[in-house]
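Look at the structure below before reading on. The report covers strand pairing, the nonpolar cores and the confidence of the model.

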Amino acid sequence: MGCRWAPDGTCILTATAADGKFRLYDTPFHRLGSASANDDNENYHTPALPDSKHAWNASLTSHQGGPPPPSASASYSFYPLFNSSSPLTSLYATCRGHSLPIHLIDAYTSELRASYRPFNNVDELEGPTVVEFSPDGSRIYGTGFKSDRTIAVFDTAIPGRECQILRLGKTRRSADGQKGIPSAIAFPKCSGENGPSNVFAVGTYSPASIYIYDDRMATSSGPAGTVVLHGGLTVVGHGRAFARKKRRFVSVTDGSHENEEPEENWFSSARVNWFQSQARGGITQLMWAPPLSSNPYVLYSASRRSNAVLSWDVRMLSALGSNVCGLQSFARDGNTNQRLDFDVDEYGEKIFMGTGRSDGVVKFYNRSNATVGGEIKLNLEDEKSPLRDAVNGVSFMTICNRSVLAVAVGSRRYEDQPDCENSVPMKTGLLQLYILD
């Protein structure tokens with residue numbers, strides 16, 4: 001279920017749905033230093049690990065909360081100030097939904113450091129399916145609750161049940177606010193250092209939508225500690241700009257009484273509708289452009305069963321009174337119910353994404369012209385290789401002045417036992433590193 005580098009590049013975190021475990025892998029610096037890129041390789045990659053001579057096993061495994069519930073989804077996030085030389089900052093947060101709290105795990109010992117327990121409006125423990133740190137690491141955001149469209153914000157230094165509840169609408173069924181179960185949350189990467197850490201984007205499942213909020217614009221409503229987010233700007237969804245069309249009036253200067261409507265730019269309208277329709281399947285991932293990018297105001301989104309990753313310019317939102325048109329689209333084979341992640345390099349020039357096909361291919365695009373820059377083929381010769389599966393996660397990192405891409409491969413599979421009602425999923429999956437230069 002995806003993979004993610006630690007902020008200092010010393011380890012990689014991943015999760016598996018079959019056994020509900022979170023696995024931490026140490027970065028093989030000795031292999032990265034000795035591996036050499038092959039300039040004549042048209043696939044533009046050199047595998048670093050694993051291979052037949054160097055097995056790569058997880059250094060730590062965390063499994064708090066017992067066995068995974070049926071159809072459990074896992075989410076995890078590294079502490080933004082993670083530094084392996086300081087054990088006090090070597091932390092990551094995990095959640096698995098249902099009735100399980102947010103866990104803060106020690107990356108050195110895999111022991112539980114703290115728990116954050118969100119409760120719903122009937123005082124029942126309800127676990128989130130999405131967890132994310134604020135850019136400065138002072139707060140933990142948990143969302144994806146099935147009972148209501150809320151976001152639980154915890155102070156990292158205060159574990160327990162004390163938290164602030166941010167509501168995306170006054171009530172669950174009210175017509176105001178953002179609709180759907182929250183499925184993704186992302187902070188601008190320049191936040192905390194060069195900008196405020198209060199701005200964030202939220203994506204939801206059906207009806208799919210993307211809103212951008214500033215929690216300083218919240219209003220108190222309901223019980224103590226509960227606020228309603230308002231003034232959110234709509235990227236995709238059903239904001240006021242989508243509710244009704246404004247009437248058009250043509251000024252008459254020649255004395256005629258003809259009020260003919262100007263011609264529509266049908267090509268522009270079709271482009272807007274296409275971008276909006278591609279995101280309506282349900283948002284699965286949001287990511288802001290890196291601060292070193294030529295345009296750090298770009299928001300990338302991926303949707304469920306969508307064949308494209310979209311980019312949006314947040315400087316032109318629906319507050320202007322019209323549907324938002326995306327900047328670029330990057331094609332991929334995403335016709336699968338599995339979540340497929342993508343990542344962007346540190347300069348925002350290349351976009352890496354996995355595919356839902358079973359041939360094990362990673363595509364990367366040049367952002368400037370939205371053209372395919374190349375493919376990474378993951379051992380296509382052996383038909384029985386575990387690499388011939390969906391690529392569900394990619395994560396980019398620069399280590400020792402080398403560009404390294406972590407690739408997570410695998411999907412949940414069940415043994416063919418038609419007579420058995422309670423079939424057990426097979427434990428499949430693989431994590432591999434590739435040197436790109």
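Strand 14 pairs with strand 15 (residues 199-204) in the antiparallel sense, and four bridges join them. Within this pairing, Ala186 lies opposite Ala201 of strand 15. These strands belong to an open sheet of four strands, ordered 14-15-16-19, with antiparallel pairing. Strand 14 (182-186) and strand 19 (233-236) are the edge strands; each has a single partner strand, so one side of each has no neighbour in the sheet. From one strand to the next, the twist averages 25°.

The largest nonpolar core holds 18 residues, and those touching the most other members are Ile210, Leu286, Trp288, Leu299 and Trp312. Strand 14, strand 16 (209-214), strand 19, strand 20 (283-288) and strand 22 (308-313) each give two or more residues to this core. Beyond its neighbours within four places in sequence, Ile210 has contacts that include Val202, Leu233, Val235, Leu286, Leu299 and Trp312. Another core, apart from the largest one, has 15 residues, among them Leu91, Cys95, Phe145 and Ala152.

How far can the coordinates be trusted? The model is predicted. The mean pLDDT of the protein chain is 78, and 73% of its residues reach 70 or more.

Where pLDDT is low, predicted coordinates should not be read in detail.

Technical notes: Residues numbered from 1 in each chain as written. Predicted model: local features only at pLDDT ≥ 70, side-chain atom pairs only at ≥ 80, totals over all residues. Heavy atoms only, no water. pLDDT = per-residue confidence, 0-100. Pairing = 2+ DSSP bridges. Axes fitted to C-alpha atoms, helices over the stretch in contact; angles between N-to-C directions. Core = buried A, V, L, I, M, F, W, Y, C linked by side-chain atoms within 4.5 Å. Buried < 20%, exposed > 50% of the residue type's maximum accessible area, 1.4 Å probe, protein only. Contact = heavy atoms within 4.5 Å.
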